[in-house]
Amino acid sequence: MRELEYRHALREAFDEELERDENVVIMGEEVAQYNGAYKVTQGLWDKWGDKRIVDTPISEAGFIGMGIGASMLGIRPVMELMFWSFHSVAFDQLVNNAAHMRYMSGGKANCPIVVRGPANGGTNVGATHSHTPEGLFAAFPGLKVVSPATPSDAKGLMKAAIRDNDPVYVMENTLLYGMKGPVPEPADGDHFIPLGVADIKREGTDVTLVAHGRSVLHALDAAVILQEEHGISAEVVDLRSIRPLDQDAIINSVKKTNRAVMVDESKPFCGVSAQIITLIQEYAFDYLDAPIKRVTSLDAPAIYAPALENEQLPTVAKIITKVLSITPVKK
Amino acid sequence: MDITTSDYSGYAINQKLTPEDKIDIYRTLSRMRRFEQGTQKPYSQGKMGGFLHLYIGQESVAAGTISLCGENDHVITAYRCHAHALACGMTMDECMAELFGKYTGCSKGKGGSMHFFDPAKNFWGGHGIVGGQTPLGLGLAYGVKYKGLKGCCLCYLGDGAINQGAFHESLNIAELHNIPVIYIIENNGYSMGTSQNRSSAYKDCLAQRAEAYDMAWDIVNGEDIYEVRAKTQIAIDRAHNESKPTVLEITTYRYYGHSVADANHKKYRTPEEITKYKNDHDPVNLWKNRIIGEGIISEEEVKAIDTAAKQEAAAAVKFAEESPDPPVESIFDDVYWEVDNNTEAGNTGRHFFND
C-alpha cells in the first residue's frame, strides 16, 4: 500500500470532503494563502479558492463562533486551531455555544462543525503551547473528541468527523504530521473510520496497554521490547475516539489479559486515563490480577527545557517499568 | 449625544405600511408587554426557576426592527429574549411553558427564560453569556452569504456587552470579510447595576466604536418606531445590497431590574427617572397615541387589542401550568444529533457515561 505523511492524509480527507459536499469550508489562521502553519492544508487554496478555504485573523473566539453560527444554517466549517492550546481564548464558543446549542434549543439546532489542530507536548514550546485538552473537552456532553495516531486513522476519522452532525474536536499532533504510514488508495473506496471504534494495534495476551494519539506509538515500541526482552505479550488498544468511546474493546482486552496500563499524554488528574480506569474497575473488576497502572505526563505545567521535556512525557522506558511492576516476567 | 427628533414617518419603508400593518405592530407591542406582565405572578409564586430578565419598556426596539425581516433575515439575541421570540412569531404558550420548565416549552424545558429558540422562524436564541452570541450572529450572516441568499442577521446585544472581546472580534471579521450582520445595541443605560458612564469608555456614543473598524453605524431613538424602522432599513439595505455590516445603537429603557431578582434596581437609579420614562417615553403608549392620532384606530379598538393580549397571556399561564414536566429520560435527548436520530454514528461507541 502507498505511504503518506499524516499531514498529507489529513489534506486528502479535506480535499475529498470539499469535493463531496459544497457546504464544507476550511477556516483558520494561515490555512489558505500561507498553506497552513504546519502545511496540513497545503495546496487547497490554490485548488478551491477563497470561498472554500478561508484565512481568518488571529481571533479564535470570533472565527470559531462564526463557524458555529454558520453551521446552524447547514454550513460545515472545518476550523483549524493552530494549536489546540489556543482553545482557552475561544472557550465560551467551544463549550457554551457548540456543546450546548442543541440541548438548550430542545433539539431544534445542531452544530456540524469540526475543530482541529495539534494538541501535544514535546516540541519545547512551553506550557502555553503544550496543552492536551482531549479529556477536558470529552468531559462536556454534546462534544465528540478524537485523536488519531496514524496517517490512515487521521484520514478516516477526519472524514467521519466532517460528516458527523455533532461538533467533533480532532486532536492532532505536530510530531506526527511528518510521519509516514500506509493509507488506502482513494480508488479502493471511501476510507471512512467511524467515531467510537477503537483499533487493536497489536494483539497480546499478558497485559493491555490503552493509549491514544502519539502515546500509541510509544506503547507499540514498548510492546516490542517487552516481548523481546521480557517475554511479555502486550496488547495495544488504540482508542482513536475518546468520546464516543469503544468501551467494549477496552473491557474485552482486559478480560483477556487481566492487567492494564494506561498510556496517556494528558495530565493524571481527571485525565482520559482516569476515566478509562473507572470503567475497567466497574466492568472488569473480577478479571483483574493486579492494580491498574498508568503513564501520563508528569503533573506540572509543560516544562520548556529541551533536556527535560521528554522526561515529563510518557516514554517507552516508563511504560516498560509500569508493565514490569504488575506483570510476571516470562524469560 | 443628542437624539434627533425628526419625523421618520415619511421614509419609504414607513410609507409602505398599511393601517393593518401599523395595527399589527401595536398588537405585537401589546402582546410583548402583556406576556411579560403575565409572568410576574407565577414567578413570584415560585412556579418558575432561575432568572427572568424582563424587556418591559424596550418593546419598540424588537417590534420595530423585526417588523422589517424577510425570509432570509435571521434574529439572534442575548438573555432578554422574550419579546424577540414573540416578534418572530413564536407563541405565548410555548414561551410561557418554557419559563415554567415544561415539556411543551419551546426548548422542552431545557433552556428556560434565557434560551428561547425557533430556527424555523429564523429565531436562533436566547443566549445566556453576555456577548457570547455576537460571533454566532456573524456566523448566521456568513451562512446566508455563503449560500448566495439575499439576507442578513440582526444580532442584538445590550450596552453591557460592548466591552466583551468576542464582540470586538466579531466586528473586525464582519467588516474584513463583508458579512451582512447588523449589530443592534439595545442601550437601556445600565449593564446590570452599572450605568453606561461607569462601564464604558466612549466619546459620543457606543456605536461610534464601529468607526475603529471602518464600519457604518448609527444611533436611533428607540421610542419612535418610525425612526427605528427607517434607520434599521438603511442597515438592512446595506447588508442585502452591499453585503456590509452595521452597528446600530438604539436607545431605550427598562422599567424593571436587570432581572426580577435584581434587589438593587431602585438604588442605582432614581424612582423619578423610572417614572419619567413611563410617563413620557413609554414606547407602547407612544405608538398607540401615534396610530390613534393618525385616525386608523380608536381607543376602544386599542383596548380590545390589549384585552385580547392579556387574555392570551393568562391562557398561556394556564397552558403552562397544565402542561407535563419533562420526563426524566428526556435529560439525555437533544445532546447528540446522531443519537437522537438513531443513526449508525449515534449507535457506535459509548456517548454517555452514567452508571
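Me: Which residues touch the most other members in the largest nonpolar core?
Reply: In this predicted model, they are A:Leu209 and B:Ile182, and the core holds 197 residues.

Me: Where does that core lie relative to domain 1 and domain 2 of chain A?
Reply: The core lies between them, because domain 1 (3-188) and domain 2 (199-326) of chain A both give residues to it.

Me: And what is B:Ile182 in contact with, leaving aside neighbours within four places in sequence?
Reply: Its contacts include B:Cys152, B:Leu154, B:Cys155, B:Ala235, B:Ile236 and B:Ala239.

Me: Which residues of H9(B) are buried?
Reply: Among them are B:Ala235, B:Ile236 and B:Ala239. Helix H9 of chain B covers residues 225-242 and reaches 25 Å from its first C-alpha to its last, close to the 26 Å expected.

Me: What comes just after H9(B)?
Reply: B:Ser243 follows, with a positive phi of about 50°.

Me: Changing topic: in what order do the seven strands of the open sheet in chain A run?
Reply: The order is E3-E2-E4-E5-E7-E6-E12, with mixed pairing.

Me: Which strands stand at the edges?
Reply: Strands E3 (53-55) and E12 (241-243) of chain A do; each has a single partner strand, so one side of each is left without a neighbour in the sheet.

Me: In what sense do E4 and E5 of chain A pair?
Reply: Strand E4 (residues 76-80) and strand E5 (residues 114-118) of chain A pair in the parallel sense over three bridges. A:Glu80 has A:Arg116 in E5(A) as its bridge partner.

Me: Which helix packs on the sheet?
Reply: Helix H3 (residues 60-71) of chain A does, touching strands E2, E4 and E5 of chain A. The direction of H3 makes about 165° with that of E4(A).

Definitions and conventions
Residues numbered from 1 in each chain as written. Chains lettered and ligands numbered in written order. Predicted model: local features only at pLDDT ≥ 70, side-chain atom pairs only at ≥ 80, totals over all residues. Core = buried A, V, L, I, M, F, W, Y, C linked by C-beta atoms within 7 Å. Buried ≥ 20, exposed ≤ 12 C-beta atoms within 10 Å, placed from the backbone. Domains from an automatic or database assignment. Contact = placed C-beta atoms within 7 Å. Pairing = 2+ DSSP bridges. Helix = DSSP H or I, 4+ residues; strand = E, 2+ residues; numbered from the N terminus. Axes fitted to C-alpha atoms, helices over the stretch in contact; angles between N-to-C directions. Expected span 1.5 Å × (residues − 1).
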